[in-house]
Amino acid sequence: MRLIVPICLMLISLLSQASTLNWNNWQTVGQGKLTWGFWTIYNSELRTPTGQYSPGQEPLALVITYQRDISREDLLEATDEQWQHLGVPKARRAVWLAQLEAIWPDVRKGDQLTFVFSHDEGVFFQADKQLGVPMKADFSRAFIDIWLSPETTYPGLRLQLLGKD
C-alpha cells in the first residue's frame, strides 16, 4: 500500500506533463494581434485540445509570437501594469514578477513564448523549451486573465482570442 500512493502520484505527474507537452497539436480557438499605433507588438493564439473554450477552462495554451524586440524588463513592466489593472495585490505581484524575472528572456522579433495552463499549473515555453518550473494555479489564472478576463485592457484582442471577432 505504501508503494501504491507514490506510484499513482508519479503516474499523475507524468500524465500531466504529457498533456502539457502536446499543446503544439491542440486546435486554435482564436487568433489576435496586439498593435500600438502603427506597430504590431505581437500575434497571439489561444489553443485548447478541442478548439473550444469556456471561461475558467483548462487545459489551454496562449501562444505569443513577438513582432518586435522587447526586453525582459519591458515585459515585466507591462505584465505588472496589467495585473495592477486587474486588481492583483502589490505583494502578490512582487512575488510573481520576481519568479518571471528569473525565467523570462529578452525576446526578439519572431520569438515565440507560450504559456500552457493544465492540471492547475502553468508552464512557460520559449519555442519548445520549458522555462523554469511549473507555476501555481493562482499565478496561472492571473496570467491568463491578462488576455481572457472580461476586465482586460485589450477587449478587442480578447474577442479575437475567443474566436468571437
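Predicted model: local features only at pLDDT ≥ 70, side-chain atom pairs only at ≥ 80, totals over all residues.
**Briefing: sheet, cores and charged pairs**

F124 stands opposite L131 in strand 6. A nonpolar core of 36 residues is the largest in the structure, and F124 is among the members that touch the most others. A search of the whole structure also finds 5 salt bridges.

- Strand 5 (residues 121-126) and strand 6 run antiparallel and are joined by 5 bridges.

**Nonpolar cores**

- In the largest nonpolar core, the residues that touch the most other members are W83, L100, F124, F139, F143 and W147.
- Helix 4 supplies the largest share of this core, with 7 residues.
- Beyond its neighbours within four places in sequence, F124 is in contact with residues that include L100, I103 and W104, as well as T114 and F115.
- The contacts of F124 also include K129, Q130, L131, M135, F139 and F143.
- In soluble globular proteins, nonpolar side chains tend to be buried together.

**Aromatic residues**

- The count of aromatic pairs comes to 15.
- One aromatic cluster is formed by W83, W96, W104, F115, F124, F139, F143 and W147.
- Several members of this cluster, including W83, F124, F139, F143 and W147, are also among the residues that touch the most other members of the largest nonpolar core.

**Salt bridges**

- Side chains of opposite charge can pair when their charged atoms come close.
- R93 and D80 meet through their side chains in a salt bridge, at 2.5 Å from N to O.
- R93 lies in helix 3 and D80 in helix 2, so this pair ties together parts that are 13 residues apart in sequence.
- Both partners, R93 and D80, are buried.
- Salt bridges with shared partners join E58, D120 and R141 into one network.
- Within that network, the side chains of R141 and E58 form a salt bridge of 3.9 Å, N to O.
- The pair links distant parts of the chain, 83 residues apart: R141 belongs to helix 4 (residues 137-148), whereas E58 is in the loop between strand 2 (39-48) and strand 3 (60-66).
- R141 is partly exposed, with a relative accessible area of 40%, and E58 is likewise partly exposed, at 24%.
- D69 and R108 form a further salt bridge, with the closest N and O atoms 3.7 Å apart.
- This pair also links distant parts of the chain, 39 residues apart: D69 is in the loop between strand 3 and helix 2 (72-85), and R108 is in the loop between helix 3 (90-103) and strand 4 (112-118).
- R108 counts as exposed, at 57% relative accessibility.

Terms used. Residues numbered from 1 in each chain as written. Heavy atoms only, no water. Phe/Tyr/Trp six-rings, centres within 6.5 Å; stacked < 30°, edge-to-face > 60°. Salt bridge = Lys/Arg side-chain N within 4 Å of Asp/Glu carboxyl O. Helix = DSSP H or I, 4+ residues; strand = E, 2+ residues; numbered from the N terminus. Buried < 20%, exposed > 50% of the residue type's maximum accessible area, 1.4 Å probe, protein only. Core = buried A, V, L, I, M, F, W, Y, C linked by side-chain atoms within 4.5 Å. Contact = heavy atoms within 4.5 Å. Pairing = 2+ DSSP bridges.
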